[in-house]
Amino acid sequence: MADVTLANLNMLCVRYLDRTEREIHLPLGPLYLAKSLEDADYQVDFRDYQLYERADLFTADAIGDFLKDPEDILLVSCMANLLPFTVLALRRFRLDHPDVFIALGGVGAFGVEEQILQMCPWIDAIGVGEGERTVVELVRTVKKGKLKGTPIKLSQLNGRLDLSGVKGIVWRDNDRVVRNPQRERIQDLDQIPFPAHHLVDLSKYAGINVISSRGCPFMCSFCSVAPIWGRKPFTRSPENVLAEMQHLYEQTGSDLFLFQDEYFVSSPERVQSLCEAIEASDLRVRWKAFGRVDLTDIPTMESMTRAGCVEIRYGIESGSERTLARVTKGFNPQKAFEVLSDAVGIFPGVDAFYMWGFPFETLDDFNETLLHMIGSRTMGVRILPSLLSLLPQTTLYRELADSTRLEFFPELFPEYMLTGHEICADGRIEISSEHRHIYDFISSHPDVFPGFFHIDVESNVMPKYRLLQKFGFYTQEGRTEMLGSEVECCGAHSSAP
Ligand code: B12
Ligand code: SF4
């Protein structure tokens, strides 16, 4: 019998018009947590919802069955897209398992912990940020029950479980929601043991994910990644990263790695030393990584390709100088264009993310973005446009969020959906009756789930959307032409080579 059930609900479902596909990625965060727990002598019952075979995946019954026979502590990790579904499914779980302690964590709940705990009395605690040390302390404290060593029977504790000593959580103390002090971040990332890969069947995962750094010092105001880790970046040594790649290569035979850190190219020197370490090793692998146009000069790009990098992904965001300055991106469109044009001559694959639909983006600004996208596409760059999603942890959300302006429009923009990242040629989705209550729940809580809402749909979003379609974006034909049969997602790399 294990000590704790740890469930991964970070997942990608892509619904095309006629079918749903999943892209199954190694759940790095939960596997890091599992390893810390194991190192603290706890046995982990690890479950990955990505691998759960079920037609009605997004129902409380499905999650109830997935989580059946849990241990007396349940830890769940999810992103913002599945947050509404997750918290509703946990309500049902609590009814079936009143004695199981429920903690949520991961990027989805970040920034809205208080609201969730107030809204969902069935959730006991939420982890904030980096979790390796937090989960160990949390599990230790809950196991002790702080009640003179008696085994915990949650339903009989009546809120007397004292979690005040666990840094990095928000929790419910009787009827009060309490935010504990923040936990210090782990600075020497080499000290963190590799994720608990042995708990999963690695052959089932298409994307073999690795992360080489945590944190990003830039100030892009729409970004939800930097606030989650913190602005101060910490990096792993090249030797440590290489050792994990070697270990994974031996375990899986997979020669394709996906670096998931946004700040992978923290400095040309660091990237080059990692590339030299890979080159000097006997590891012959391919990999993909994120870049920033102002940090990848030509020697860096060349050294990356020599070491096996087959795809680089840049966040360009906008072709308008005014918009880039407004979101404090830190470079201008000309620079972006020059670097993209260098990159297509060096990397086998170059992707560019653009964002659109900022409420302060005029049509002139938007047209500049459209031109930038078309110009880059002509050079051979793969274009990945995204409608702005106002995630609650971002500076931009705090600047713009006024719940009276947030409009819930799932029918028009199935970009960020709880039941799958849906690609629809005509921009329409069917909301089935079994999912209706989840949509109602979202629409009545714009302050908790702002990522599902938009600003000025009629005057800001629609005209731009129509222009994008006119130029071949967001159409079935455009997608097929641009992406072939590849699945697209948030910024995690598609696993196809
Ligand atoms: C890999 C990845 C994916 C993979 C996830 C693979 C997996 N199964 O885990 C896939 C491809 C599935 C994916 C999909 C999506 N993603 Co994504 N993804 C990433 C990416 C690039 C890396 C995530 C990662 O591995 N981090 C490293 C690990 C170590 O960190 P972690 O998971 O956060 O875990 C740590 C802590 O959060 C904490 N923790 C985690 N769980 C728990 C649980 C408890 C109880 C506790 C206490 C602590 C805790 O401890 C962990 C270790 O310190 C990030 C961007 C980035 N660079 O971070 C975006 C990111 C997470 N994705 C994002 C989004 C929005 C999506 C999509 C919803 C977007 C979309 N529209 O396509 C889709 C899902 C679509 C769908 N409808 O299904 C956003 C999330 C925003 C948010 N606030 O939720 C991010 C931050 C990117 C962004 N641009 O903003 N993604
Ligand atoms: S968008 Fe990229 S560069 Fe900007 S703050 Fe976020 S992670 Fe850093």
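**Entry 1**

Axes here are lines fitted to C-alpha atoms, for helices over the stretch in contact, and the angles between N-to-C directions run from 0 to 180 degrees. I kept in mind from the start that this is a predicted model.

I began with helix α8, residues 238–252, and helix α9, residues 268–280. Their axes come within 9 Å and cross at roughly 45°. Angles under 35 degrees count as roughly parallel and 65 to 115 as roughly perpendicular, so α8 is oblique to α9. I noted the crossing of α8 and α9 as right-handed.

Which residues make the contact between α8 and α9? On the α8 side I found Pro238, Glu239, Val241 and Leu242. From α9 come Ser273, Leu274, Ala277 and Ile278. Sorted by class, the contact of α8 with α9 has six nonpolar residues, one polar and one charged.

**Entry 1: the chain as a whole**

I found 17 helices and 20 strands in it. Of its 497 residues, 46% are buried. I also looked at contacts between residues at least 6 apart in sequence: 76% of them join residues at least 24 apart.

**Entry 2: helices α10 and α12**

Next I turned to helix α10 (residues 298–306) and helix α12 (residues 333–346), whose axes come within 10 Å and cross at roughly 30°. Since angles under 35 degrees count as roughly parallel, α10 is roughly parallel to α12. The crossing of α10 past α12 is right-handed.

I wrote down the residues in touch: Ile298, Met301, Glu302 and Thr305 belong to α10, while Asp342, Ala343 and Ile346 belong to α12. The classes in the contact of α10 with α12 come out as four nonpolar, one polar and two charged.

**Entry 3: helices α1 and α5**

At what angle do α1 and α5 pack? Helix α1 (residues 28–39) and helix α5 (residues 132–144) pack at about 50°, and their axes are 8 Å apart. That angle makes α1 oblique to α5. I recorded a right-handed crossing for α1 and α5.

Here α1 brings Tyr32, Leu33, Ser36 and Leu37, which meet Glu132, Val135, Val136 and Val139 of α5. The contact of α1 with α5 has six nonpolar residues, one polar and one charged.

**Entry 4: Ile192, a loop residue**

Then I looked up Ile192, which sits in the loop between β9 (176–179) and β10 (208–210). Is Ile192 buried or partly exposed? A buried residue has 20 or more other C-beta atoms within 10 Å of its own. Ile192 has 18 C-beta neighbours inside 10 Å, so it counts as partly exposed.

Leaving out residues up to four places away in sequence, Ile192 touches Tyr32, Glu132 and Ile186.

Technical notes: Residues numbered from 1 in each chain as written. Chains lettered and ligands numbered in written order. Predicted model: local features only at pLDDT ≥ 70, side-chain atom pairs only at ≥ 80, totals over all residues. Helix = DSSP H or I, 4+ residues; strand = E, 2+ residues; numbered from the N terminus. Parallel < 35°, antiparallel > 145°, perpendicular 65-115°, else oblique. Left-handed = near helix turned anticlockwise from the far one by under 90°. Contact = placed C-beta atoms within 7 Å. Nonpolar A, V, L, I, M, F, W, Y, C, P; charged D, E, K, R; others polar. Buried ≥ 20, exposed ≤ 12 C-beta atoms within 10 Å, placed from the backbone.
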